[in-house]
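The following note collects points on the model shown below.

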Amino acid sequence: MNETNDWLEILIGKLVDGEISPAERKLLDRELETNCQARELLEQLRSLRQQSCQAVAAEVSGGASAEEAFERAWQQNSKSTYRRVLRFDGRMRFAMGLAAGLILGLGLHFAAVWGAKAPVQSSGTGEVVARESAPADMTPGGIRRVNVGGSHPVTGEVDWYVYTSPSGEQYLVEGVREGLVKTADYRGKPRPM
Amino acid sequence: METTGQNESALACAAQRGDKEALQVLLKRNWGWLKGLVYSVLADAQELDDVLQEVCLRVITRIHTLREPERFRAWLATVARREVLKHYRRRTHQDVRNSKFEIRNLSEANIRDPLQDVEKSELCGRILEAVKTLPEKYREVFVLAHTGELTYAEMAEVLDVPMTTMQIRLVRARRMVQNQVIGKTDIRCTNDERDE
């Protein structure tokens, strides 16, 4: 098929589709007067167009109308939006629960730490007495030292305890931070318990 | 046509602002060719409604992404094509385009009195069979041209090609269908496609 035939087919196509301009119509009319093949082609394309329109219309004309399809889609979209909101709400609830758990956990943690540091006062013999700091007038005079893990005493910022045995002997016990009992450094005079 | 385009642009803007009625009017106006386009890509009239429903849903949810309201038709065509492709992926059958293109019995369709013109029905069936064998770009333009909804300029806009390209595709699609219907083998198709 050469370019002339393409041009002619385009013009005939435009004619059957109702898209031809007056100038093009004049050109085509002149061609149709002299070209019997063009006239035959015009008839074929007219027939083809008519049948094709019917065939395509038969295929696509059924089914839901635009309004029906749109309404269904709109409702479907509204439902999915509502579901999205619910899902978001669920996530929010989860986040809130997580935050509450975290706060509760932190609260318990700090309460436990605070409880561990709270001073416990001895009220009598046989109890462990803990103090946050050694009294200034405390001296090592009346207390038997326990030397664990070497000949040199270890000095450190630790809790210490005074233990009075049932027989009346006093022991200075260093804090049990690492599960060890160490000797503590102290100054001053022991205060009577 | 310019007025229609301007109106559609205004409607598209309104739809982007959440105007349900504007969106409905837009879809209603473009429904005819949209069905034709989906049909031409899907090549299956049975699932046309399902895909069109998905297209509507997609348009509702994605209208805010339309950057050029004056090109609503081209955007709609792109959305429709994407939905058809998604539909393909969802389907379990392979090579649907060639094997599942079912030609409905025209007596069940909207031809009023098919028994009076059996030859015509047979011819319609042959045309649809021929359309089935067209390459997609020719099938699209052929079906769009025969929905009778769009002008050449509008078809070019929907297909997102220059008008001359659209015209050449239409001529070649018709030639191929015509040759198939009358029993010729169109050996020029490959050359024509290369020439375009």
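1. Helix 8 of chain B, residues 152–159, is mostly covered, six of its eight residues being buried. Here buried means under 20% relative accessible area, exposed over 50%, and partly exposed in between (1.4 Å probe, protein chains only). Helices (H or I, at least four residues) are DSSP runs numbered from the N terminus. The buried residues of this helix are B:Tyr152, B:Glu154, B:Met155, B:Ala156, B:Val158 and B:Leu159. B:Asp160, with a positive phi near 60°, follows helix 8 of chain B.

2. As to conventions, this is a predicted model, in which local features need pLDDT of at least 70 and side-chain atom pairs count only at pLDDT 80 or more, while totals for chains, interfaces and linings use all residues. Residues are numbered from 1 along each chain as its sequence is written, chains are lettered from A in the order in which they are written, and side-chain values use heavy atoms, with hydrogens and water left out.

3. B:Asp160 also forms a salt bridge with B:Arg71, with the closest N and O atoms 3.0 Å apart. The two residues are 89 positions apart and link distant parts of the chain: B:Asp160 is in the loop between helix 8 and helix 9 (163–181) of chain B, and B:Arg71 is in the loop between helix 3 (48–62) and helix 4 (72–90) of chain B. A salt bridge is taken as a side-chain nitrogen of Lys or Arg within 4 Å of a carboxyl oxygen of Asp or Glu. B:Asp160 counts as exposed because its relative accessible area is 54%, whereas B:Arg71, at 31%, is partly exposed.

4. A salt bridge also joins the side chains of B:Arg73 and B:Glu157 (3.5 Å, N to O). B:Arg73 belongs to helix 4 of chain B and B:Glu157 to helix 8 of chain B, so this pair ties together parts 84 residues apart in sequence. B:Arg73 has 6% relative accessibility and therefore counts as buried. Both residues belong to a network of salt bridges that links B:Glu8, B:Arg73, B:Glu154 and B:Glu157.

5. In chain A, A:Arg25 and A:Asp29 form a salt bridge whose closest N and O atoms are 3.3 Å apart. Both lie in helix 2 (residues 22–34) of chain A, four residues apart, about one turn of the helix. A:Arg25 is partly exposed at 37% relative accessibility, as is A:Asp29 with 29%. Over all chains, the whole structure holds 15 salt bridges.

6. How many residues of each chain are in contact across the interface? The count is 37 residues of chain A and 45 of chain B, contact meaning heavy atoms within 4.5 Å. About 4000 Å² is buried between the chains, with carbon and sulfur atoms giving 60%; this is the accessible area (1.4 Å probe) that two parts lose on being put together, summed over both.

7. Four salt bridges are counted between chain A and chain B. A:Glu71 and B:Lys20 meet through their side chains in a salt bridge (3.3 Å, N to O). Helix 1 (3–17), helix 3 (36–60) and helix 4 of chain A each supply at least two residues of the side of chain A that touches chain B. Helix 3 of chain A gives the most to that side, with 13 residues.

8. A:Phe110 lies in helix 4 (residues 66–117) of chain A and counts as exposed at 53% relative accessibility.
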